[in-house]
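Student: I would like to learn how to read side-chain contacts. Could you take me through them step by step?

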Amino acid sequence: MTDRDEAEIEASRAPLMEHLIELRGRMIWSVVAFCLAFLLCFFFAAQLQVELIKPFQAAAAVHAAAVAKGEHGNPLDLLAITAGLKPFPPGGLAAVELIATAPLEQLFTKMKIAGFGAIVLAFPILAYQLYAFVAPGLYRNEKGAFLPFLIATPVMFFLGGALVYFVMLPFVMLFSLSQQISSEGITVLLTTKISDYLNLVTSLILAFGLCFQLPVVTTLLGMAGLISSKLMSEGRRYAIVAVVVLAAVVTPPDPISQLMLAVPLVLLYEVSIWCVRLIEWRRKKDDNAEGLAAA
């Protein structure tokens with residue numbers, strides 16, 4: 001600890017009551033930010049639902065075109081249509097009908113969507129309030145290390161959610177549509193409840209977003225000295241098994257969606273090893289510099 005660090009910590013000391021008052025103020029700002037974001041998302045809840053249903057619509061269009069031709073849906077066409085890089089197959093937009101089986105089901109579904117969107121929308125303010133509360137108790141170098149993680153956390157969550165929206169969700173719905181049965185006098189159609197579909201969407205986004213925090217968590221543990229790159233490299237085979245099990249638990253029971261989560265997680269694990277290795281290299285470099293200075 002340097003004299004400058006000690007001076008910063010001493011200057012930030014405050015009685016317990018002042019800390020509690022500050023905590024109350026930070027919590028009030030966080031609640032206000034969440035409530036405003038909730039009201040905004042609830043106002044646009046119908047539009048948000050439409051946007052979340054579009055991957056289902058793309059899958060339905062590809063499935064309908066494939067059935068008409070007696071073929072299987074082209075995965076590349078599905079990805080391009082979902083991303084808006086390619087128009088829908090000839091015949092126009094596919095009609096997607098979702099049902100509500102309870103009088104207030106649509107209202108509660110909108111509230112869930114608004115709550116989920118409010119957390120995402122208000123996260124920068126929530127993260128800032130957290131940082132502003134704990135920053136006075138951090139050393140100068142710890143403050144510099146804490147800020148990048150506040151940026152990396154929503155970015156990685158967004159990447160996980162984008163993978164769900166543009167890749168995994170269309171494939172899941174295409175797979176579900178392919179399970180329909182149409183035979184002589186017997187028809188089994190996919191008639192999905194709006195609440196079930198959006199629960200699936202938000203659950204997948206949450207699962208992928210949290211799983212994509214792997215590099216952030218491992219880097220923090222590496223900075224704290226709780227794990228090492230050597231330990232992570234030696235435990236790679238066990239980590240891969242854990243990733244496969246996790247993918248099987250949090251995704252629908254089909255091999256395609258499980259691979260879509262398992263493969264990125266394995267790649268992120270390798271990235272995490274290099275992040276921890278970089279931290280170890282910088283720590284060793286700083287220790288050598290301090291040794292030369294002391295000599």
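Student: Is K86 buried or exposed, or something in between?

Tutor: K86 is partly exposed, with a relative accessible area of 36%. Here buried means under 20% relative accessible area, exposed means over 50%, and partly exposed is in between (1.4 Å probe, protein chains only). Keep in mind that this is a predicted model, where local features need pLDDT of at least 70, side-chain atom pairs count only at pLDDT 80 or more, and totals for chains, interfaces and linings use all residues. Residues are numbered from 1 along each chain as its sequence is written, and side-chain values use heavy atoms, with hydrogens and water left out.

Student: Which side chain does K86 meet in a salt bridge?

Tutor: Start with the general idea: side chains of opposite charge can pair when their charged atoms come close. A salt bridge is a side-chain nitrogen of Lys or Arg within 4 Å of a carboxyl oxygen of Asp or Glu. K86 meets the side chain of D77 this way, at 2.5 Å from N to O. D77 is partly exposed too, at 24% relative accessible area.

Student: How many salt bridges does the structure hold?

Tutor: There are 4. One of them joins K54 and E51, whose closest N and O atoms are 3.1 Å apart. Both residues lie in helix α3 (residues 45-69), 3 residues apart, about one turn of the helix. Helices (H or I, at least four residues) are DSSP runs, numbered from the N terminus. K54 is partly exposed at 36% relative accessibility, and E51 is partly exposed at 37%.

Student: Where do E22 and R26 sit relative to each other?

Tutor: They are 4 residues apart in helix α2, about one helical turn.

Student: What about aromatic rings?

Tutor: A pair of aromatic rings is described by the distance of the centres and the angle of the planes. Rings of Phe, Tyr and Trp (its six-membered ring) pair if their centres lie within 6.5 Å; planes under 30 degrees apart count as stacked, over 60 as edge-to-face and the rest as tilted. The structure holds 5 aromatic pairs.

Student: Why is the pair of F38 and F42 called stacked?

Tutor: Their ring centres are 6.2 Å apart and their planes are at 15°, so the pair is stacked. Ring pairs also link F34, F38 and F42 into a cluster.

Methods:
Helices (H or I, at least four residues) and strands (E, at least two) are DSSP runs, numbered from the N terminus.
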